[in-house]
Amino acid sequence: MPSARSREPAAHAAARPDGARSADRASSPGSTVVRFGYHLPVTIRTATGADAPALADLARQTFFDTFAADNNPDDMALYLQQAFGVEQQSREIADPSITTLVVDADGALIAYAQIKNDHVPDGVSDPAALELSRLYVRHGWHGRGVAQHLMARVFDESRRRGANTLWLGVWEDR
């Protein structure tokens with residue numbers, strides 16, 4: 001990450017927001033289909049190794065769109081290369097301490113979230129807590145309910161993994 005930022009726990013959550021599961025949903029093992037009214041159905045599922053190239057593209061683009069204006073272009077380019085390359089995404093998808101959820105709209109990844117249990121920071125009292133380390137949605141999909149449904153799936157997955165606490169890892173200016 002560009003050097004002006006550091007990771008800090010920002011929030012705790014223990015339950016899914018009310019109404020998050022109000023859409024028409026159909027489930028199969030490991031995936032959830034969500035229909036957004038007139039929009040095509042999207043599938044929320046756990047990433048596989050085959051998703052690494054598309055996930056790398058999505059992760060680079062959404063991170064750039066979110067943080068480029070506040071960072072040195074050279075630092076940004078280096079960080080994007082190191083943090084969001086195909087090899088790095090493959091490692092993260094294969095890592096049992098990380099769950100990567102992707103939102104697939106007709107074969108294209110439009111959003112993703114990562115939860116992990118590699119550490120619990122000071123200020124989070126539950127030793128079994130999980131971190132929501134990333135949640136990004138492609139700009140063209142903002143305002144369509146994608147993030148709310150993805151977050152509901154994050155809560156479901158966190159509970160499935162036995163967590164009672166989910167903390168949010170954020171980057172802040174120092």
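Helices (H or I, at least four residues) and strands (E, at least two) are DSSP runs, numbered from the N terminus. On that basis the protein has four helices and eight strands. The model is a predicted one. Its elements run β-β-β-β-α-α-α-β-β-β-α-β from the N terminus on. Of the 174 residues in the protein, 46% are buried. Among contacts between residues at least 6 apart in sequence, 68% join residues at least 24 apart.

**Helix H1 against helix H2**

- Two packed helices are described by the angle between their axes and the distance between the axes.
- For H1 (residues 52–67) and H2 (residues 73–83), the angle is about 155° and the axes are 10 Å apart.
- Angles over 145 degrees count as roughly antiparallel, so H1 and H2 are roughly antiparallel to each other.
- The crossing of H1 past H2 is right-handed.
- On the H1 side, the contact is made by Arg 60, Phe 63, Phe 64 and Phe 67. H2 brings Met 76, Tyr 79 and Leu 80.
- By class, these residues are six nonpolar, no polar and one charged.

**Helix H1 against helix H3**

- The axes of H1 and H3 (residues 86–94) come within 8 Å and cross at roughly 110°.
- Angles of 65 to 115 degrees count as roughly perpendicular, so H1 and H3 are roughly perpendicular to each other.
- H1 passes H3, too, in a right-handed crossing.
- From H1, the residues that meet H3 are Ala 52, Pro 53, Leu 55 and Ala 56. Their partners in H3 are Val 86, Gln 89, Ser 90 and Ile 93.
- The contact of H1 with H3 has six nonpolar residues, two polar and no charged.

**Nonpolar cores**

- In soluble globular proteins, nonpolar side chains tend to be buried together.
- The largest nonpolar core here has 20 residues. Val 103, Ile 110, Val 154 and Leu 166 touch the most other members.
- Two or more residues each come from strands S4 (42–46), S5 (98–105), S6 (108–116) and S7 (130–137), and from helix H4 (146–160).
- H4 gives the most to this core, with five residues.
- Tyr 79 is one of the H2 residues in the contact with H1.

**Ile 110**

- Leaving aside neighbours within four places in sequence, Ile 110 is in contact with Val 42, Leu 58, Val 103, Ala 105 and Tyr 136, among others.
- Its contacts also include Val 137, Arg 138, Trp 141 and Val 146.

**Val 137**

- Val 137 sits in strand S7.
- Buried means under 20% relative accessible area; Val 137 has 13%, so Val 137 is buried.
- Not counting residues up to four places away in sequence, Val 137 touches Thr 62, Ile 110, Ala 111, His 142, Val 146 and Ala 147.
- Val 137 and Leu 109 are 28 residues apart along the chain. Their C-alpha atoms are separated by 9.3 Å.

**Ser 97**

- Ser 97 is in the loop between H3 and S5.
- With a relative accessible area of 18%, Ser 97 is buried.
- Beyond its neighbours within four places in sequence, Ser 97 is in contact with Ile 115, Lys 116, Asn 117 and Arg 161.

Definitions and conventions: Residues numbered from 1 in each chain as written. Predicted model: local features only at pLDDT ≥ 70, side-chain atom pairs only at ≥ 80, totals over all residues. Heavy atoms only, no water. Axes fitted to C-alpha atoms, helices over the stretch in contact; angles between N-to-C directions. Parallel < 35°, antiparallel > 145°, perpendicular 65-115°, else oblique. Left-handed = near helix turned anticlockwise from the far one by under 90°. Contact = heavy atoms within 4.5 Å. Nonpolar A, V, L, I, M, F, W, Y, C, P; charged D, E, K, R; others polar. Core = buried A, V, L, I, M, F, W, Y, C linked by side-chain atoms within 4.5 Å. Buried < 20%, exposed > 50% of the residue type's maximum accessible area, 1.4 Å probe, protein only.
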